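User: I'm new to this one and would like to go through it with you. Could you put it up first?

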Amino acid sequence: MRGVGPSPPRCSSTSDCFLLSHLYKECGSDTTADYEKQEVKANTCRRDFARMRSVVIFYLCFLLSLCVGLACVVCVCIWNKQWRGGFAWDGSALQFNWHPVLMVTGMVVLYGNGVVLYRVPLTWGQNKLPWKLLHAGVLLLALLLSVLGLCAVFSFHNAKNIPHLYSLHSWIGICTAALFALQWAVGMAGFLVPWTPMSFRAQLKPVHVWMGTSILSLSIVSCISGINEKLFFVLKENTSETQPYSASPPEAVFGNTLGALIVAFGLVVVKILSNQKWQRPEPTPEDMAYRPVLQEDS
């Protein structure tokens, strides 16, 4: 009779089989290595899919903010052109019409789109300086339009002997514009001047971000209160020109729709700013090993 080698171990129970299988895996089974590779590949695929999904959602939100912001500008222009008579710069009511157009365009739409520029994934991994300059430039344009809008209303009040800053809307608006100017100046000194200490930038950054969101919120509050104030003034009872505001004439409905669009725009922008996954990644030590002057990534 020929010699027969030892037969494979038999399992008296299912648990014994699992123990033997674990023992074989510890002995360097190729099956275990393949399984681990498949797990790593699957985890990588899941991370890539989640990252891709996050990027797609960001661009949808960003596109939505652009579309709603454009709708806000178009609506405020239509309102003042169709119902308020158009525009002029002669001290008349037509000069006042520049005020809502410039404030909505500058303090809300341009400002809101300017603060989300750093969140665009296309800018990640690139030199941050051009995006800093674009961010500062868009906000500067928004600030200039806002100042021009304030000049329009102050000049109109002077021409008509109307008191300045007597309403809650005017208080919120002038404080928001002042904070905006201060925010822009401090941001310019803190993040674009090359000799500003990095420790100061690190401390300023969270305050700068918080102030940016706060200014946008105050701008929206100011615009909504201004729309209501204007509608209350021009849509009065006992006038032959139009129906009262309480009767919801077309101008009142259109003005309220403009206010709703402004709120929707603000919500989309705040959604983009509050999502931690859409924040620009911080530079790694390897990225900071060498950097020419004016190319800091803070």
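User: Let's start with Cys72: does it count as buried or exposed?

Analyst: Keeping in mind that this is a predicted model, Cys72 counts as buried, with a relative accessibility of 0%.

User: And how far is its sulfur from the closest cysteine sulfur?

Analyst: The closest cysteine sulfur to that of Cys72 belongs to Cys75, and at 7.0 Å it is too far away for a bond, because a disulfide needs the two sulfur atoms within 2.5 Å.

User: How many disulfides turn up in the whole structure, then?

Analyst: A search of the whole structure gives zero disulfides. Cys61, another cysteine, also counts as buried, at 16% relative accessibility.

User: Switching topic, how many salt bridges are there?

Analyst: The search of the whole structure finds one, and in it the side chains of Arg84 and Glu251 meet at 2.8 Å, N to O.

User: What about the surface, which residues form the nonpolar patch?

Analyst: That patch is formed by Leu179, Leu182, Val186 and Leu218, which together have about 290 Å² of accessible area.

User: Which helix gives the most to it?

Analyst: Helix α6 (residues 168-191) does, with three residues. Val186 is found in helix α6, and Val186 is partly exposed, with a relative accessible area of 33%.

Technical notes
Residues are numbered from 1 along each chain as its sequence is written. This is a predicted model: local features need pLDDT of at least 70, side-chain atom pairs count only at pLDDT 80 or more; totals for chains, interfaces and linings use all residues. Side-chain values use heavy atoms; hydrogens and water are left out. Patches are made of residues with over 30% relative accessible area and no salt bridge: like charges are joined within 9 Å, nonpolar side chains (Val, Leu, Ile, Met, Phe, Trp, Tyr) within 5 Å. Accessible areas come from the Shrake-Rupley method with a 1.4 Å probe; for residues, only the protein chains shown count as cover. A salt bridge is a side-chain nitrogen of Lys or Arg within 4 Å of a carboxyl oxygen of Asp or Glu. Helices (H or I, at least four residues) and strands (E, at least two) are DSSP runs, numbered from the N terminus. Buried means under 20% relative accessible area, exposed over 50%, partly exposed in between (1.4 Å probe, protein chains only).
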